[in-house]
Amino acid sequence: MTQQNLSLSRRLALMGLGGLVGMPILGAASRARAQAPVPGGTAAGGQVIDITRARTDPIPIALPDFAGGSPAAQQLGQNITRVIANNLRNSGLFRPVERAAYIQTPEAAAAAPRFQDWRVIGAQALVTGRAEPQGDRARIEFRLWEVGSEQQLQGTAYTAAAANWRQIAHVISDVIYERMLGEKGYFDTRIVYIAESGPRDRRVRRLAIMDQDGENHRFLTDGSFQALTPRFHPNARQIAFMSYNNNQPRVYLFNLDSGRQEVLGNFQGMTLSPRFSPDGRNVVLSSARGGDANIYVVDLASRRERQLTSGGGLDVSPCYSPDGSQIVFNSDRGGDQQLYVMDAGGGGARRISFGNGRYATPVWSPRGDLIAFTRISGGRFGIGVMRPDGSGERILSEGWGMEGPSFAPNGRVLTFYRESPARDSRGSGYSARLAMIDIAGFNERQIITPTDATDPSWSPLLSS
Amino acid sequence: MQTKLLGALAAAALLTACASEDTSGAATGAGAAGGAGGMGGLGAGQIRPGSQEDLVANVGDRVFFDTDSSSVRADQRTTLERQAAWLAQYPQVQVVVEGHADERGTREYNLALGQRRASSARDVLVANGVSSGRLSVISYGKDRPAALGSSADAWAQNRRAVTVVR
């Protein structure tokens, strides 16, 4: 049992992206992520994720720094451990045990955990590891232990370019999350968003991208044109967004490998609010010609467009269900903004939002079970979720201004942006910041960005 | 009643904004006037006929809308009629009608709403004899406010369609 998986060494083929972006992401060779079979099915100790448990009962986990045979190796090990601990703490579902309480040294724990030492400080799980730089590469070995049963739940060694140590830490974080909670994590992901700077009437809006923990931040466009509402392709290598390039507001595609961007199609008028289909073959968007806005789908291969809605009213913000069979969107066809679900081929639209207020920016959970939205009611904005049939509405967060939810790939966490009002007629005090919140409505956190930030979109898992 | 008052306030500010450094909400909103043109090399009082400055100073470059509405209000229609007459006077001038929304909506919906407001204003211009070939529309949604505050007054100034000489 103890050695069951350490032989499953995986080489993560890590390659840099060309051109403008130049950020490391995982290549195809990493798809076979090491997985230890756990007896009895899903999660360690039979824990099943439960939206009520986390608030009161995060899992206490000990994360001694990964051991290393040299100062450089120890530094690498420490860096990786800190990223993992930060991820797990930020999820709200884990509570890293205070390091000062550790009895056993990291080196000794990496060799053989003395479980009594970890039990007495309250750790339910223990992560040990070893970091070994090998030239410009690094070998990172880690083991996840259940302290109570003294069982190893996972043991994996990764070899990768040393520069990509952060991604290794995120992959390990996801393995820990999945082994302990029985569902996939979301740490090896990125967020693309709009970085905003300058006075509000002359705002500079740039595409920007970062890891989900805010690290590896890059600007993707230079601010010479306004960019809005970026959304990831399911392969995480392409982004659809709205650009005011040449003063023509149109949906564009941005290729993260090449750094190139191109207009999606030759629509008349404005195109906006793009989203990829789950199979990545289509972009659904809104096209405003004259006074109306209707929903269209564009086939990426042929660039042929097909109109899905018609008639009066503004139909915007379409988003596919994860099985691709339905589209939820926002329309004021009935008088004010509400949410509607229709067949992916168009037709059969039915209203699903019936609460108090206006509803907007619907996004379908990757799990299929929920639709997140913005609600404007009584002069306040809120982020909420409801089932796809409109039942079970819950508001997760409320305030003066917030909108634009986007799900983590496991459907457990939402990112959105929150605004603070201007205090005076010069706009002082206005701010826009990214936030994350658990779909249970707890653990709201701000994501630190270099500038004001709006329109976050969460990538799929990069290495799955 | 409140909105009518605001319209008057904004119109008054139009006349003074260029000459003063007033940073009150109304003056800032009116002074921001649409982007195109700018004062160029012209000093105060030297307004070139048929220019954006001419439109702003002598006609009025913008109309205002009610919350969530894109119907041109009766009290705003005369501004568009004056714009149409002004455009008839300068047949070489082409304009873009910019539609805007206040910050109390979601970005994507407000982009569509701004487009609908610009189209409404454009339709009135066309109905008053302006050739549609001289007009284009663009929406900036809530993303280019004229008034920078977060007050009801600022929102009323930001729900607008602005005619801008190209």
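Two residues are in contact if their C-beta atoms, placed from the backbone, lie within 7 Å. By that rule, residues 24 or more positions apart account for 48% of the contacts in chain A with a separation of 6 or more.

This is a predicted model, in which local features need pLDDT of at least 70 and side-chain atom pairs count only at pLDDT 80 or more, while totals for chains, interfaces and linings use all residues. Residues are numbered from 1 along each chain as its sequence is written, and chains are lettered from A and ligands numbered from 1 in the order in which they are written.

Start with chain A. It has five helices and 33 strands. Both kinds of element are DSSP runs, numbered from the N terminus: helices are H or I with at least four residues, strands E with at least two. Of the 464 residues in chain A, 51% are buried. Buried means that 20 or more other C-beta atoms lie within 10 Å of the residue's own; exposed means 12 or fewer, and partly exposed is in between, with C-beta atoms placed from the backbone.

Now look for the nonpolar cores. Such a core is a set of buried Ala, Val, Leu, Ile, Met, Phe, Trp, Tyr and Cys residues joined through C-beta atoms within 7 Å. The largest has 87 residues, and F241(A), I371(A), A372(A) and L414(A) touch the most other members. Leaving aside neighbours within four places in sequence, I371(A) is in contact with residues including V328(A), W364(A) and M386(A). Another core, of 43 residues, lies apart from the largest one; A62(A) and V171(A) are among them.

Move to chain B. Helix α4(B) covers residues 74-89. Its 16 residues reach 24 Å from first C-alpha to last, close to the 22 Å expected at 1.5 Å a residue. The expected span is 1.5 Å times one less than the number of residues.

Which residues of α4(B) are buried? They are Q76(B), T79(B), L80(B), Q83(B), W86(B) and L87(B). They sit on the same side of α4(B), because they cover an arc of only 115° around the axis. The arc is that of the directions from the helix axis to the C-beta atoms. On the other side, A74(B), T78(B) and Q89(B) are exposed. The buried residues pack against α3, β1, β2, α5 and β4 of chain B.

Finally, see where the chains meet. Here 29 residues of chain B are in contact with 34 residues of chain A. On the chain B side, α5(B) gives the most, with ten residues.
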